[in-house]
Amino acid sequence: MPVWAPAAQTVELHLPGQDRLVDMIPAPGGWWTAPLDLEPGTDYAFRVDGSPNRPDPRSALQPDGVHGPSRTVDPDAWQWTDQNWAGKDLRGSVIYELHVGTFTPEGTLDTAITRLGHLADLGVDIVELMPLAAFPGKVGWGYDGVGLWAVHEAYGGPDALARFVDAAHNAGIGVCLDVVYNHLGPSGNYLGVFGPYFTRAHHTPWGEAVNYDHDGSQQVRAFVIDSALRWLRDFHIDALRLDAIHEIKDDAAAADPPQTHILAELSDAVAALSAEIGRPLSLVAEADLNDVGVITPTGEQPPAKIPSLGMTAQWADDVHHALHARLTGETQGYYGDFAEAGAWAKAYGRAFLHNGTWSTFRERNWGAPVPEDTDPRKFVVFGSDHDQVGNRAVGDRPSTSLNDATLAATAALVLLSPYTPMLFMGEEWGTRTPFQFFTDHEEEDLARSVSEGRVREFAGFGWDADEIPDPQEPGTVEASRLRWEELDEAEHARMLAWYQGLIALRRKLGWSQRTAWPQVDETDDVLTVTYEDIVVATNLSDQDRPAPAATTVLLSWNPVDAVPPFLCPGQTLIARR
């Protein structure tokens, strides 16, 4: 059971189940090895220079939480039945984001398996799981994970993840896992005991940055890359979504001689693994950079400002913000820029609103243009996601304030955009269940800090303290659980049928293989997206408006037999030109 601890004088392996302490042997490169092999299911921990028991940085399972001992796991014991799974290219796929803890009443991976039939009937290509890495407490979003190699025990642990991926593949659905390599959470983060995993040379919103470019960074980089490859290889995961890569600080490219950026190195490693196992593997970046260097293949000269990182795709938040501002009328915060006249058409038509132009909320020019020959499927877009819902004061979804006709318009504009569309769990039936911010920290000071911080965050927007859900209260996570019984209600059944119809139309038209950018227009509150053969139009006004020139109705929110001369208020129409 090796562990990297380059500055340690002594490292001991503690086996609590045997009440045994074993001296570890130093090895080259700062590694330490144990003179014995551990059987699967063995609990163990490390003591570095006489420290208390600390979990293995590469632990696969933390059965007693992030502060307890690690447990060995044998991935060769998993019974896979997905031998015929050929993989799934994320570009052009319909992605479905879900939070395991609130997707079902039980909040486990095994109960999530029981809903895969629903996702298959909906037409989902890839399910994206919010982070599963071990985090403090029982419930949380997962972005404060500290066991980056472990699967959260409350969700069922690594065995349950293997069962879920196997079942998803047998249902024809790929799996994308959300991973966080820009920071670790504040509770249970023991990496610093072992080595220079962090550096004060860079600062992030969470404090010291992960050390990707200073002394000792070679093994830190390997720690992250090996973790990513393990998800893809051992768990048969098809894609990884990398959280907030703009907070991954790596100045290696500016070194003399220049070094490869950690994300480009990861991209090359994933490409090599893909070639080895013979199926597509994807990397999706959440990036607040507005720069196509993120999705430029490694080795190619990017047409923008940053090095080519080789990501398969990147999230395009600008499309969400522009669509949200246009449909809801919200102008607070960063929505102000996106509520300006013409902002929706610009962002929807070319992925970025800020493409070298002034960003009011950043107080600087931001981004770079998207070249004409860029594949639009390399951008992931959505009408809602965990961030854009959960980071609102009360976690309210668009369905809380928008009528069904406008929700239907949102679905059409996302699913029949030129981009790769993503849905957020429950959106497909128009649920009004909130998705709130919740945590389960055991430390009183940390718990109080999180609760008070949430109140301060929204005080400037006019919210009273008693209106903000307390992240630490059990009722907050309970309020966020999907209510599957809503599917028995007529209005929700109608919305589900609309989403199913849109996704079926995507498949019929071969939408996932299309790479053409559309023409985008807004006239008299009618939004029109025009492709060579298809037009999507929605009337947001309260009056009849002229319908676009078209020949055959393919799908309509208010059913019609032929292309009408006018679109009635709230009408969304997809037609052949």
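Which domains does the domain assignment of the protein give? The assignment gives domain 1 (2–54) and domain 2 (519–576), with bounds that come from an automatic or database domain assignment. The centres of domain 1 and domain 2, taken over C-alpha atoms, are separated by 66 Å.

This is a predicted model, in which local features need pLDDT of at least 70 and side-chain atom pairs count only at pLDDT 80 or more, while totals for chains, interfaces and linings use all residues. Residues are numbered from 1 along each chain as its sequence is written, and side-chain values use heavy atoms, with hydrogens and water left out.

Helices (H or I, at least four residues) and strands (E, at least two) are DSSP runs, numbered from the N terminus. Helix α4 covers residues 157–170, and its end C-alpha atoms are 20 Å apart; this agrees with the 20 Å that its 14 residues should span at 1.5 Å a residue. The expected span is 1.5 Å times one less than the number of residues.

Of the 14 residues of α4, 10 are buried (under 20% relative accessible area; exposed is over 50%, partly exposed in between; 1.4 Å probe, protein chains only). Among them are Leu161, Phe164 and Val165. The elements that cover the buried residues of α4 include the following.

| Element | Residues |
|---|---|
| α2 | 109–113 |
| α3 | 116–122 |
| β12 | 174–179 |
| α6 | 217–234 |

Just after α4, Gly172 takes a positive phi of about 80°.

Thr530 lies in strand β23 (residues 526–530). Thr530 is buried, with a relative accessible area of 17%. Leaving aside neighbours within four places in sequence, Thr530 is in contact (heavy atoms within 4.5 Å) with Pro518, Gln519, Val535 and Arg577.
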